[in-house]
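Hi everyone, thanks for coming. Please take a look at the picture on the screen, and then we'll walk through it together.

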Amino acid sequence: MKRTAVLLVLLLAPLAAAQTPPDHTPVDLAHAESIAGPPRAARLTGAALEAEAKHIAAVLRCPVCQGLSVGDSPSAMATNMRQQIRELVAAGFDENQILSYFEASYGEFVRLQPPLRGVNWLVWIAPGLGLLLGLGVVSWVLRGASAETSETPAAVAATGPAVDVVPDPLPDDPALAKAVLRVRELAYGWPGGVRPRKA
Amino acid sequence: MNRKVFVAGLAVTLPLVGLMLVSLGRDPHKVESPLLGRPAPPFSLRPIGGGEPVTLESLRGKTVVVNFWATWCVPCVDEHPVLTAAPQRYGSEVVFLGVVYEDEEPTVQSFLREHGAAYPSLVDEGGKVSIAYGIYGVPETYFIAPDGTIVSKYVGPLRRDLLDGFVQEAQARTVTRRSDAR
C-alpha cells in the first residue's frame, strides 16, 4: 500500500509541477479581497476549476500580446495570470470579482468584452445602428431611383403617366445629363434623348 | 451634383472626420493606469543576491521610486545610468527600488556587476507584483508618495530631468498634506 502511494506521488508530482509556473509565489488573497471583496462563489477543484479558469482567461486581454486573450497568449505574463486566475477561482472568487481584480491593475482595457457602462455602450450598439442606418440610406436612394425609372415608355404604357413625377427627369450635373440623354437615344430611339410628343 | 448622395456622404464622413480630429495628438497605445492616486499595491520581495525581503510598508514616510526593468530590455539599459546616479543626489528621503521583470537571476547579477548597482533590485517571483502594478512592458516606473499613494507612472526610459520632475511631484504631495494639516 505504502509502495503504491509512493509510486503514485512520484508519477503525479511532475504533472502537478507542470500546472504551476516555476518560481511561483501564491497570489495575495488579502490584497485580492481588498479589491474585489470577500469570495462569493464556491471553492472549485479539479475539472470544474480548470473549466472556470479557462473561461475567465478567455475574456481577459494579455497585457503583452494585446491581440490575444490570457488563455491563448504564450507570454510569461499570461502564464502567470492564468495561474493567478486558478488560485482565485480555487479560493472562491467569482468571475466578476476576478475581472475586477485585474481591472484594478490594468484598467478596463484588460477586459476583452467591454463592460456595459458609460461610453462602452457605443461599442455594443454602434454596429447594429450602423447597419440600420446603411439600410435606410440604401432604401432612400433606391426609392429615388425607382421614381426616376417609372417614366420609361413600358412603365407609362402599363400604368399611365405618373401624376406626381416630373416626366423624364435629368440629373443636375450637366455632363451626367448629357450622358443620360445619349443613353435614352440609344436605348429607346428617342431623337436627342427626348421623348417624342404624342401626336 | 446629386444632393441626396452628397448629404448621405456627409452623414457618413463627418462623424468619422470628427473622431479623427478629436484623436489627433493622442497616442492610441497609451492606456491610463487606474492605480494613479490610489494606494500602491503592497509587496514583500527578496533582493537579487539574497538578503532580507524589502517590503513597501516599511518605506512609509519616504518617497519611493519603483522601476520595473530587465537586462534584455534596451531602453532599460539606456536609463540605468540615470537611475544609478540618482540615489546619491536625493539622499535618504527618496528610496529607489528595481523590480526585475521576466529575467534570470544570474543574468541580472552579471549585468549589475558590470554596470553598477546603487539600490536593491528585487526578484518578482511569478510576476505577482508586475501584475499588481499593471505592467504592460518594461521599463515602467512608479512614483509613490510618502503616504503610500501612487502619484505618477512613466512608461519608457527615464531622463534625468523627467526623473527629477516626477520625484519632486511625489515629494510635493507631502508638502500639500502638511499644509492641509495646519
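Let me start with a question: is B:R173 buried, exposed or partly exposed? At 27% relative accessibility, B:R173 is partly exposed, because buried means under 20% relative accessible area, exposed over 50%, and partly exposed in between, with a 1.4 Å probe and protein chains only.

Before we go on, some ground rules. This is a predicted model, where local features need pLDDT of at least 70 and side-chain atom pairs count only at pLDDT 80 or more, while totals for chains, interfaces and linings use all residues. Residues are numbered from 1 along each chain as its sequence is written, chains are lettered from A and ligands numbered from 1 in the order in which they are written, and side-chain values use heavy atoms, with hydrogens and water left out.

Now, back to B:R173. B:R173 forms a salt bridge with B:D147, and the closest N and O atoms are 3.2 Å apart. By salt bridge I mean a side-chain nitrogen of Lys or Arg within 4 Å of a carboxyl oxygen of Asp or Glu. In general, side chains of opposite charge can pair when their charged atoms come close. B:D147 sits in the loop between β6 and β7 of chain B and B:R173 in helix α5 (residues 160-181) of chain B, so the pair ties together parts 26 residues apart in sequence. Helices (H or I, at least four residues) and strands (E, at least two) are DSSP runs, numbered from the N terminus. B:D147 is partly exposed too, at 24% relative accessible area.

Here is another pair in chain B. B:K153 and B:E140 form a salt bridge, again with the closest N and O atoms 3.2 Å apart. B:K153 belongs to strand β7 (residues 150-155) and B:E140 to strand β6 (residues 140-144), 13 residues apart. Both B:K153 and B:E140 are buried. Chain B also holds a network of salt bridges that links B:R46, B:E105 and B:E125.

Over to chain A. Chain A has eight helices and zero strands, and 28% of its 199 residues are buried. The side chains of A:E50 and A:R86 meet in a salt bridge at 3.2 Å, N to O. That pair links helix α3 (residues 46-57) with helix α4 of chain A, 36 residues apart. Over all chains, the count comes to 13 salt bridges.

How many of them run between chain B and chain A? The count there is zero. Still, 22 residues of chain B are in contact with 27 residues of chain A, where contact means heavy atoms within 4.5 Å. Of the area that chain B buries against chain A, B:K128, B:I131 and B:Y136 supply 31%, more than any other three residues. Buried area is the accessible area (1.4 Å probe) that two parts lose on being put together, summed over both.

Finally, the inside. The largest nonpolar core has 59 residues, and those with the most contacts inside it include A:F102 and B:F43. Such a core is a set of buried Ala, Val, Leu, Ile, Met, Phe, Trp, Tyr and Cys residues joined through side-chain atoms within 4.5 Å. Helix α4 (residues 76-90) of chain A gives the most to this core, with six residues. A:F102 touches residues including A:M81, A:I85 and B:I131.

Conventions. Lists of a residue's contacts leave out its neighbours within four places in sequence.
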